[in-house]
Amino acid sequence: MKTFCGRANPTTGALDWVEESEEYDYHQEIARSCYADMLHDRDRNKKYYEGIRAAVARVKARGERVIVLDIGTGTGLLSMMAITAGADFCYAVEVFKPMAEAAQCIVEKNGFSDKIKIINKHSTDVTVGPDGDMQVKANVLITELFDTELIGEGALPSYEHAHQNLMQERCEAVPHRATVYAQLVESELLWSWAQLQPVEVEGARLVPPPAMGRCAGAHAVCDIQLSQVSPASFTPLGPVCTMFTVDFSKPVSSAFQAHSSQFVAQSSGRAQAVLSWWDLDMDPTGSIVCTMAPSWTYQEPKMAPWRDHWMQSVYFLPVESQVTEGEELSLMVCHDDYSLWYSLQPRSQRGSQTEAPPSRPCCTCQAHLVWTRPRFGELNDRRRTESYVSALRSVLREDSVCLSVSDGSLLPAFAHMLGAKKVFGLENSQMSKQVIDEVLEANSMKGRVELLEIRPEQLTSNDVGGEQISVLMGEPYFSTSLLPWHSLFFWYCRTALAGLLRPDASILPRSASLHMVAVEFQDLWRIRAPCGTCEGFDVTPMDEMVQRSLDFRESREAEPHPLWEYPCRALTQSTATMTFDFTQCLPQQPISSQGLLSFIREGRCHGVALWMEYHLTDDITVSAGLNGPINEQGDCEWSRHRKQGVYFFGSPWEISGDGRAAVSYSFTFEPSLGDIRMDFSVTSQ
């Protein structure tokens, strides 16, 4: 059997359906899973173990046999903890078949197969009775069904069903309860991810369409490593509020609910966003707590545990509003069975108790469907905009005819504001075209800038009014790009459009370069590191399964990560490894580059970070990776707008920093594929 998988095609800028072997989906799921991250989360594992011991002890103290139901068992770790703590029997439910098989191997390897039954089903399909999956109902419920938003993986419906069908009336739960916290803030940085801001160009002002400003935005939660957002980047307008709790030891409802918290504004400012996280109390007394609070809430930030499977959330309010210090406010959170959303009201305007709570926000302007949150941030980056405006200013003439090739880009508007005679823009979709058209209309540019929903190779002289293009421009940005070098689709477009360009046409950017630096990650390495033993249990079958899936393809490829969220230390200098000259057409033959990059700092090298830099002119460059020089300690500051590529080594290399070791690299750009093959090794010189 074969399976069809969607994959970005850098040569066409489209999403192609590619035929893969039937094992492909399986290996992708395993290779990209968070299981390794969870097993390395010592704080989580320790707190679960303590909570399980306490729950088993409470049931035993009542003189009852301890029957455990573990929903979403994964590796079977929590079930083995329960049996070790004294439970009599455990039913471990895992819907993902490869994981259920791995759990069976792990349970057998650790000698628990007589007391743990692996059930490869969704918990809502589990039956109880003499002929059922479970002989009897359980009296201890253990789950790990949570995501960054707490309920986004269907925790509430699963708990609801379990209490109704699989649990005894009097039962214990680990975790016992969850508490959701929220803090109202003003933040220019965070708000730049939600709404398009006005832009100043040559004394003129480009403003967003009114409909965009009225739009509540995308509903999906913005989940990030909030510890990497400096407290200097936001102003708290109120205290950290306790929004609601869920007691998992009692029947749980997945129905819509609304909760509010009243407080007095502690600062004046613009209420724009809500920062949110949650805690798990592993026991009824609240003495065993696993918290997702960001590191800056700790007295010692370095003591905060790192985890990537649970992060923190940013929710953007439907509208920005001014609040005054001392003002009484009411922050409301609503949730359905899978998601949360927030709204803010002055307490004096809360209205009657019968007033309907706000409905779940949705995008009405389409911009939030076209632009991702990092893309909003990129479009709102004033320094970046100034680079493009300065570059355009240097190449534009009064008779310039410009063509822009980038998805959902403001470059056509900038070119018009700088005095270009005529401006065209190619858009990849009707929705993207409509969003930019609305920006143009809001700024009285409709008719002066013409957007075309035409593929570059299909564009004819008639489409551009018989004009020859004097300036071909791109950021470049394409919504289908996954890895940094996928933006080389601009080169394919430039080549397809060669017949429409003047002989002396300016190409902006003139070129791009691929950069690399060998790094030691502070924490990100955990997502690819084998675990071996976890809390005394042998989980090597899980390590072996993940490695087999990585070997299927993933270990030979780079993967995208937003490195601003994952601190790392450079162990080498950064270097440009390949350059792509956009002033020339795409070559037919592969481009290769090899070299050595010496280590200059000691440390543990986990892999290589990769990014693109775009050379708009000879003296103006925009980086999609490092924002500036690496400091003496090797600390790196990364762009928040684009994901960088990360190539993890199979195992880390211990580097002495004496200059004798180096990273050997080899890159080959295949024009026929639009991708870059790469290989690395660490050598002694």
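**Overall fold and the setting of E325**

UniProt, in an unreviewed entry, lists residues 176-345 and 511-685 as "domain: Protein arginine N-methyltransferase"; such annotations may be inferred rather than shown by experiment. The model is predicted: local features need pLDDT of at least 70, side-chain atom pairs count only at pLDDT 80 or more, and totals for chains, interfaces and linings use all residues. Residues are numbered from 1 along each chain as its sequence is written, and side-chain values use heavy atoms, without hydrogens and water.

The protein chain holds 15 helices and 36 strands (DSSP runs, H or I of at least four residues for helices, E of at least two for strands, numbered from the N terminus). Residues 176-345 are 5% helix and 46% strand. The end C-alpha atoms of this stretch are 32 Å apart.

The C-alpha trace spans about 90 × 70 × 50 Å along its principal axes. Of the 685 residues in the chain, 56% are buried (under 20% relative accessible area; exposed is over 50%, partly exposed in between; 1.4 Å probe, protein chains only). Contacts (heavy atoms within 4.5 Å) were counted between residues at least 6 apart in sequence; 77% of them join residues at least 24 apart.

E325 lies in the loop between strand 17 (312-323) and strand 18 (328-335). E325 is exposed, with a relative accessible area of 54%. Leaving aside residues up to four places away in sequence, E325 touches A265, Q266, S267 and S268. D125 is 200 residues from E325 in sequence, and their C-alpha atoms are 52 Å apart.
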